[in-house]
Amino acid sequence: MTKGRKIIKVVIIGEKSVGKTSILRRYVDKRFVTLKPTIGVDFVMVSENMVTLQLWDTSGQERFRSLEISYYRGADYCILVFDVTNEKTLYDLKLWRDDFIEKTEIRDPILFPFIILGNKIDDPNRVVTEKAAIQWCKDNIGGNLTYFDTSAKDNINIEQVFKHISNQCENQPQSNEIPPEQLISLTEKKSNQSSCC
Ligand SMILES: Nc1nc2c(ncn2[C@@H]2O[C@H](COP(=O)(O)OP(=O)(O)OP(=O)(O)O)[C@@H](O)[C@H]2O)c(=O)[nH]1
């Protein structure tokens, strides 16, 4: 029975090797495997209650950047991933976000839901703390953001990211309501706030 089921397009972007494909594979296949770099674009469909998530994975490598317009088009959510062991991958998120907004021609970027993932928190070489990442995102990205620390390797917060998206989409009927500006981390999060669909 598919009546009432919403299909939500989610794109996952960020620098190469930050763990985008590993996060998706962890969520979809429930395992962590060694992966080859993504070639171009790939997508999977996953059902979460009354929502079907269409998850689009892309390569962080420069030579595939021209594919992005069709990949981004019609996105309901954008997941921006960085690697907590590599500060530059956090700073590059601003470029990824600006590029996404430009290519999708989003009318009001402040309202568009971005989810930031600080991945590889299992790695002892972590250099970006959760607090620092949230502050940097507040100062440099702003708008409708949610932050999660994640590890695809140790399966930390991966399921929660996608549950967060599907819960928001289930709980909110399609509307033009203006959501409150926000930036919340998983640990700070107290209730469903955010916008979508
Ligand atoms: N320690 C640790 N390593 C990870 C984690 N997630 C991914 N990796 C490793 O990081 C490397 C890159 O992972 P990918 O998932 O291929 O990264 P990607 O962002 O999809 O890379 P591109 O396809 O090149 O854009 C691999 O060696 C993974 O095993 C994690 O949570 N912890």
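Which residue lies over the face of Trp56, and at what distance from the ring centre? Lys9 does, at 4.3 Å from the ring centre. A charge counts as sitting over a ring if NZ of Lys or CZ of Arg is within 6 Å of the ring centre and within 35 degrees of the ring normal.

This is a predicted model, in which local features need pLDDT of at least 70 and side-chain atom pairs count only at pLDDT 80 or more, while totals for chains, interfaces and linings use all residues. Residues are numbered from 1 along each chain as its sequence is written, and side-chain values use heavy atoms, with hydrogens and water left out.

**Aromatic pairs**

Trp56 also belongs to a cluster. Ring pairs link Trp56 with Tyr71, Tyr72, Phe100, Phe112 and Phe114. Rings of Phe, Tyr and Trp (its six-membered ring) pair if their centres lie within 6.5 Å; planes under 30 degrees apart count as stacked, over 60 as edge-to-face and the rest as tilted. The count by this rule is nine aromatic pairs.

Take Phe100 and Phe112. Their ring centres are 5.3 Å apart and their planes stand at 50°, so this pair is tilted. The pair links distant parts of the chain, 12 residues apart. Phe100 is in helix 4 (residues 93-104), and Phe112 is in the loop between helix 4 and strand 5 (114-119). Helices (H or I, at least four residues) and strands (E, at least two) are DSSP runs, numbered from the N terminus.

Phe100 is buried, at 0% relative accessible area. Here buried means under 20% relative accessible area, exposed over 50%, and partly exposed in between (1.4 Å probe, protein chains only). Phe112 counts as buried too, at 9%.

Phe100 also pairs with Phe114. The centres of these two rings are 5.6 Å apart and the planes are at 75°, so the pair is edge-to-face. Again distant parts of the chain are linked: Phe100 in helix 4 and Phe114 in strand 5, 14 residues apart. Phe114 is buried, with a relative accessible area of 1%.

**Salt bridges**

A salt bridge is a side-chain nitrogen of Lys or Arg within 4 Å of a carboxyl oxygen of Asp or Glu. By this rule there are eight salt bridges. The table lists some of them.

| Pair | N to O distance |
|---|---|
| Asp29 and Arg25 | 2.7 Å |
| Asp99 and Lys103 | 3.1 Å |
| Arg126 and Asp149 | 2.9 Å |

Asp29 and Arg25 are four residues apart in helix 1 (residues 20-29), which separates them by about one helical turn. Asp29 is partly exposed, at 30% relative accessibility.

Asp99 and Lys103 sit four residues apart in helix 4, again about one helical turn. Asp99 is buried, with a relative accessible area of 14%. Lys103 is partly exposed, at 25%.

Where do the partners Arg126 and Asp149 lie? Arg126 is in the loop between strand 5 and helix 5 (130-140), and Asp149 is in strand 6 (residues 144-149). The pair links distant parts of the chain, 23 residues apart. Arg126 is partly exposed, with a relative accessible area of 27%. Asp149 counts as buried, at 10%.

Salt bridges also form a network, which links Lys94, Arg97 and Asp98.
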